[in-house]
Amino acid sequence: MSSLIKTGDYFGGCKILAQCGKGAYGMVYLAENTIGERLIIKVVGNTEKSNRELNGIRNYMKVCKVH
C-alpha cells in the first residue's frame with residue numbers, strides 16, 4: 001500500500017505530523033487536531049480483511065474506553 005498522505009497534509013481535520021507505522025491493513029500516522037492534541041490516525045486499505053481490522057479497532061476502543 002503506497003502512502004498518499006504526506007507530512008503536513010490535513011486528514012479528517014487533523015494535521016499529519018509523521019507516518020509512524022504501516023502493515024498489511026494500512027498506514028498509521030501521528031497527527032494533531034485543531035486544539036493541539038496529538039493522536040493516531042490509522043488509514044485502513046480497502047481489502048477483504050478491512051472489516052475485520054475495523055472491528056478489531058472498535059473493540060480496542062471499547063476496552064480502552066476511547067470515544
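**View 1. Lys15 is paired across the strands with Glu32.** In this predicted model, Glu32 of β3 is the bridge partner of Lys15. The strands concerned are β2 (residues 14–22) and β3, which run antiparallel and are joined by 6 bridges.

**View 2. Strands β3 and β4 form a hairpin.** Strand β3 covers residues 26–32 and strand β4 covers residues 38–44; the two run antiparallel, with 7 bridges between them. Within this pair, Tyr29 stands opposite Ile41 of β4. The hairpin has 5 residues between its strands, and Gly36 adopts a positive phi near 85° there.

**View 3. Four strands make up an open sheet.** The order of the 4 strands is β1-β2-β3-β4, with antiparallel pairing. Strands β1 (10–11) and β4 lie at the edges and have a single partner strand each, so one side of each is left without a neighbour in the sheet. In general, the strands of a sheet pair through backbone hydrogen bonds.

View 4. The 7 members are Ile5, Cys14, Ile16, Met27, Tyr29, Ala31 and Ile41. Strands β2 and β3 are the elements that give two or more residues to this core, and β3 supplies the largest share, 3 residues.

Note on methods
Residues numbered from 1 in each chain as written. Predicted model: local features only at pLDDT ≥ 70, side-chain atom pairs only at ≥ 80, totals over all residues. Heavy atoms only, no water. Pairing = 2+ DSSP bridges. Core = buried A, V, L, I, M, F, W, Y, C linked by side-chain atoms within 4.5 Å. Buried < 20%, exposed > 50% of the residue type's maximum accessible area, 1.4 Å probe, protein only.
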